[in-house]
Amino acid sequence: MKKESNRTKSPASRNWRQKIAGLGIILIAFLIIFVLASFLWQKLFFREQVARFLPYDRTVGFLEFNFDPNHPDSEILKSILEKSPLMNGLKVEENLFSLIPQQELFWKWFGGRGGLALITSANGQSISPVLILKSQDETNLRSWLKSQQLNSNLEQLLEEDYYGQKLITLHSGPGYSVLLSDGYVVLSENQELLQAVAEAKAGHTVSLAGHPEYGQVYSALPQQNLAFIYFNIHNTLSTLTHTPAYLSRNLAGFQLYLPFLKLFKAYGLALYLDKDHQNQPVFTAKELILFGDKPDANLFKIDYSFDGSLTAFLPQYNQTIALFGGVNLLDQKNQLSAFLKNQTIIYDLLFTGTLSQIRDQLFDNSVNFDQDFLPLFQGQYLISINQASPDAEPIYSLVLESKNPQADQLKLTVLLEKIGTKIAANLNAQKAKITLPDKTEGQEIKAESFAISNSTISLNGKSVTQIALAPNFSIYLATLEQHIIVSTNADWLKAALDNAAQTSQSTSINDWNQTDLVKPTEYYQFFLPALQQWLPAIEYLQPFNRLEVTKKFTEIGTLAVYRFTIQ
């Protein structure tokens, strides 16, 4: 028979509730720590399947981890953490470890594996955390639990059998109950949640691990990993819909995004270790966002991919700050627009309105975004931001794959001239000192007149179009076979043409980016230290120095791979 806990929460209960939350934070912090250490230990683990314990219809999501904070290489780990501003700022040992009661006894039974889950209440109006930890020594575990009771002299724990598992209530203790099941200890301040966990584990109700929806996510992601994150989007939305406190504060925003969120039903992310083409360790995350139950049969049936061949144009001596690659932007835009229109006209209108705003910022009303701009991106494209040296101005470049490069270059030249009329005023603006009526000095911005010019120059015998937007700023365009190359730097364009002429363009994306994502439709790369000049917060991502992202659309959802390289 199920029991409902109606105890009044005492100050001690609230205090221990905070400690449970703190323990969850500690475990997440340990996950971050262990990820860094694993590059030295080179250990991978099979997923622990915490989902066996979780009731499908009440699980919002969970984080599953597998690490050993007591590994003998802790000194090497410490040296890695000293390089991380984020970990130094958290002061893990000082601020987090102190939250674990009876630390010495805790580390004697904790096996370094487990998970942190979010489960809804029986009425679906609230969400509570449940902590699931692997025990490697039940004797020490029971001693640790006894130490948490207010009267630690009690020799016996108050426990009962529940579906073949041990349900323990700490006598006059910290305000949480414990479930012992299959070598794991499950902790929650709500005994009813533990009963729901026990029923799912015993097969009395459907567990998350036994549901086809979770199986789709599970099977699509790597089975060997350091951690796994899962969210049931339907359960999350259902809980928020039935939570008056949340709706009273966020009703308008929730109603706006609800139709869009209903397009998806689950989210999964697996974290694991890999190596790049130079055999350097890489921290990798593979992500799947699962579409809803009734997707369009022809949704995102994309038979083309970004193969990386355009990287043959990139000069080797330049430092790449960022790369953005993709293929057939026009088709993807049309598919996304049709997808949103089939769900709700509101989102198609918002999407179309956003594109119109982008057009208005770049061009005048004479430009049709769908007919004049996007058709130039029907093949593969690569946008790059480079620097010749750390102190040099960024170089912005674009490489387009085209079936008719000469005609498309003329179209692109016209568009760039129209963009130039928008930005030329800023490029030619000068600050001038003025004397205000009260005799104080100030500054004003004066835009010097400059006639945008279009001319043809020669670079190593190659005809190049130069669009001058300011005395010291031009855009350069050239064609090579089936490609159009655009850059804000003539030397970069010259080097790109020379480099492409000497390099085989049969290069595959897998030759320079080791990824298990087959035929991606989008690719991004960021050199993190160089981005600090614009985004100072990137400093906290150390010791990672590069991020690569590959992404694709499939019939079941969107797949993405994120790869962080350690410097």
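Reply: Here is a chat about the chain shown above.

Me: What kind of model is this, and how are the residues numbered?
Reply: This is a predicted model, where local features need pLDDT of at least 70, side-chain atom pairs count only at pLDDT 80 or more, and totals for chains, interfaces and linings use all residues. Residues are numbered from 1 along each chain as its sequence is written, and side-chain values use heavy atoms, with hydrogens and water left out.

Me: What does the chain average for pLDDT?
Reply: The average is 76, and 69% of the residues score at least 70. pLDDT is the predictor's confidence in each residue, from 0 to 100.

Me: Where does pLDDT stay under 50?
Reply: One such stretch is residues 70-77, with 7 contacts beyond four places in sequence in the model. Contact here means heavy atoms within 4.5 Å. Over residues 504-514 the pLDDT is also below 50, and that stretch has 35 contacts beyond near neighbours in sequence. Where pLDDT is low, the predicted coordinates should not be read in detail.

Me: Ok, big picture. How many helices and strands does the chain have?
Reply: There are 17 helices and 24 strands.

Me: Switching to charges. How many salt bridges are there?
Reply: The count comes to 8 salt bridges. A salt bridge is a side-chain nitrogen of Lys or Arg within 4 Å of a carboxyl oxygen of Asp or Glu.

Me: Which residue forms a salt bridge with Glu-192?
Reply: That's Arg-58, with the closest N and O atoms 2.8 Å apart. The pair links distant parts of the chain, 134 residues apart: Glu-192 is in helix H7 (residues 191-202), and Arg-58 is in the loop between strand E1 (45-46) and strand E2 (59-66).

Me: Are those two buried or exposed?
Reply: Glu-192 has a relative accessible area of 8%, so it counts as buried. Arg-58 is buried as well, at 12%.

Me: What about Asp-370, which residue does it form a salt bridge with?
Reply: Asp-370 pairs with Lys-333, and their closest N and O atoms are 2.9 Å apart. This pair also links distant parts of the chain, with Asp-370 in helix H13 (residues 369-373) and Lys-333 in helix H11, 37 residues apart. Asp-370 is partly exposed at 31%, while Lys-333 is buried at 14%.

Me: Now Glu-287. Which strand does Glu-287 lie in?
Reply: Glu-287 lies in strand E12, which covers residues 281-291. Glu-287 is buried yet has no salt bridge.

Me: How far away is the nearest side chain of opposite charge?
Reply: That side chain belongs to Lys-551, 6.4 Å away. In this count Lys and Arg are positive, Asp and Glu are negative, and His and the chain ends are left out.

Me: Which side chains does Glu-287 make polar contacts with, then?
Reply: One is the side chain of Tyr-267, at 2.9 Å, and another is that of Tyr-562, at 3.1 Å. A polar contact is a pair of N or O atoms within 3.5 Å; within protein, one must be able to donate a hydrogen and the other to accept it, and residues adjacent in sequence count only if both atoms are side-chain atoms.

Me: New topic: what is phi for Tyr-163?
Reply: Phi of Tyr-163 is near 50 degrees, a positive value in a residue other than glycine. Most residues other than glycine have a negative phi, and most peptide bonds are trans.

Me: Where does Tyr-163 lie?
Reply: Tyr-163 is in the loop between strand E5 (158-162) and strand E6 (165-169). At 39% relative accessibility, Tyr-163 counts as partly exposed.

Me: And what's phi for Asp-182?
Reply: Phi of Asp-182 is near 50 degrees, again positive in a residue other than glycine. Asp-182 is in the loop between strand E7 (177-181) and strand E8 (184-188), and is partly exposed at 48%.

Conventions. Helices (H or I, at least four residues) and strands (E, at least two) are DSSP runs, numbered from the N terminus. Buried means under 20% relative accessible area, exposed over 50%, partly exposed in between (1.4 Å probe, protein chains only).
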